[in-house]
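This report describes a structure through its metal sites, its helix packing and its backbone. Please keep the sequence and the model in view while reading.

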Amino acid sequence: MLTVTFYGVRGSTPCSCDDTRAHGGNTSCVLVEVEGEVDPIILDLGTGARYLGGDLVARHPEGSLRATALITHLHWDHIQGIPFFKPLLVAGNEVEIVGPPQGANSIGAELTSFLRPPAFPVSLDQLPGRVSFRDAANETFQIGSARVTVFDVPHVGATNGYRIDAGDGSIAYISDHQQPLDGSHDVPGHIVEACADVDVLIHDAQYDAAEFAQRAHWGHCTPDFALELARRAGARRLVLYHHDPSHDDEWVSGTVARIQAAAGPSIEVIGASERLSLHSGTQLLTGRRVG
Ligand SMILES: [Zn+2]
Ligand SMILES: [Zn+2]
């Protein structure tokens, strides 16, 4: 079984307004816990990572954390939490950051080239915890008993999607996904295949149709496009994710209701919110649920 907990659900930039409070204003960060495993898997390290880091430090004895962070790509909203990730302030902790190489450069070379002065007061190798890096693209590997499948996602720049299978549970994570520029719902076949029969599909849902028409080439999609992928892949749950900073809680809740009505009873549609936990592999749903 896999347990997924959301710590950041916002796209593009954090927002701390009253009208986004229910779903939350932190950017992309999701904790994945595998039953029987101590070491956590993290999906993206946006600003939500600051809060996740606090929880991990409280749960793991000092210096014992071995975490793997699967980063989709290097846009700010997916990495801004790295220097504020509390486990890196504790000697002995180790975090491996896995993500797509950027052209000829490794993800490690790219990240360390700007996560240092003058953009941040110290460089990552000056933090007490140890950070290591690994490139990953179109491959499959194990993290303990979990199998991770890495696949290309159309966006702006090299971007990965991830599928994690463990026991009878499976999740797929596609944070940013460029819909065809003509607004059609033609999902690439390799992505449908990667998400086949998944229990939980966490997917970009940044724009409505009118917004997409204005910003078609900005790398995102509509919730309707996400639903088309969920349908074609046979996903059981669709979590609408990467909410636009301009979308208030009412917008997100209304969109969840609309997409649920379109999906019918075979797919459960959920609006991602901070601190929501989902158990994959069963029908059990716990935690705070909004929309
Ligand atoms: Zn993003
Ligand atoms: Zn992006």
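This is a predicted model: local features need pLDDT of at least 70, side-chain atom pairs count only at pLDDT 80 or more; totals for chains, interfaces and linings use all residues.

His-73 is buried, because its relative accessibility is 1% and the cut-off for a buried residue is under 20%. Distant parts of the chain are linked by the pair of His-73, in the loop between β4 and β5, and Asp-176, in the loop between β10 and α3, which are 103 residues apart.

## Zinc ion (ligand 1) and the bridge

Asp-176 coordinates both the zinc ion (ligand 1) and the zinc ion (ligand 2), and the two ions are 3.5 Å apart. Around the zinc ion (ligand 1), the coordinating atoms come from Asp-77 (OD), His-78 (NE2), Asp-176 (OD) and His-242 (NE2), at 2.1 to 2.2 Å. The arrangement is irregular because the four donor atoms subtend angles of 90 to 162°.

In sequence, the donor residues of the zinc ion (ligand 1) are spaced D-H-x97-D-x65-H. Asp-77 lies in the loop between β4 (66–70) and β5 (94–99), and His-242 in the loop between β12 (237–241) and α6 (249–263), so this pair ties together parts that are 165 residues apart in sequence. Asp-77 counts as buried at 5% relative accessibility, and His-242 is buried as well, with a relative accessible area of 0%.

## Helix α5 and its packing

Helix α5 spans residues 223–233, and its buried residues are Pro-223, Phe-225, Ala-226, Leu-227, Leu-229, Ala-230 and Ala-233. The elements that cover these buried residues include β10 (169–174), α3 (189–194), β11 (200–204), β12 and α6. After α5 comes Gly-234, which has a positive phi near 75°.

With α6, helix α5 packs at an angle of about 35°, the axes being 11 Å apart, and the crossing is right-handed. On the α5 side the contact is made by Pro-223, Asp-224, Leu-227 and Arg-231, and on the α6 side by Thr-255, Arg-258, Ile-259, Ala-262 and Ala-263. By residue type, this contact of α5 with α6 divides into five nonpolar, one polar and three charged residues.

## Backbone features in loops

Most residues other than glycine have a negative phi, and most peptide bonds are trans. Against this background, Asp-44 has a positive phi near 65°; this residue lies in the loop between β3 (41–43) and α1 (49–59) and is buried, with a relative accessible area of 0%.

Asp-197 also has a positive phi, of about 60°, although it is not a glycine. Its place is in the loop between α3 and β11, and Asp-197 is partly exposed, with a relative accessible area of 49%. The peptide bond from Pro-117 to Pro-118 is cis, with omega near 5°, and Pro-118 lies in the loop between α2 (107–114) and β6 (130–135).

Notes:
Residues are numbered from 1 along each chain as its sequence is written. Chains are lettered from A and ligands numbered from 1 in the order in which they are written. Side-chain values use heavy atoms; hydrogens and water are left out. Donors are N, O and S atoms within 2.8 Å of the metal (3.2 Å for Na, K and Ca); water is not among the atoms, so sites may look incomplete. Four donors count as tetrahedral if all angles lie between 85 and 135 degrees; four count as square planar and six as octahedral if opposite donors are over 155 degrees apart and all others between 65 and 115; anything else is irregular. Helices (H or I, at least four residues) and strands (E, at least two) are DSSP runs, numbered from the N terminus. Buried means under 20% relative accessible area, exposed over 50%, partly exposed in between (1.4 Å probe, protein chains only). Contact means heavy atoms within 4.5 Å. Axes are lines fitted to C-alpha atoms, for helices over the stretch in contact, and angles run from 0 to 180 degrees between N-to-C directions. A crossing is left-handed if the near helix is turned anticlockwise from the far one by less than a right angle, and right-handed if clockwise. Ala, Val, Leu, Ile, Met, Phe, Trp, Tyr, Cys and Pro count as nonpolar, Asp, Glu, Lys and Arg as charged, and the others, Gly among them, as polar.
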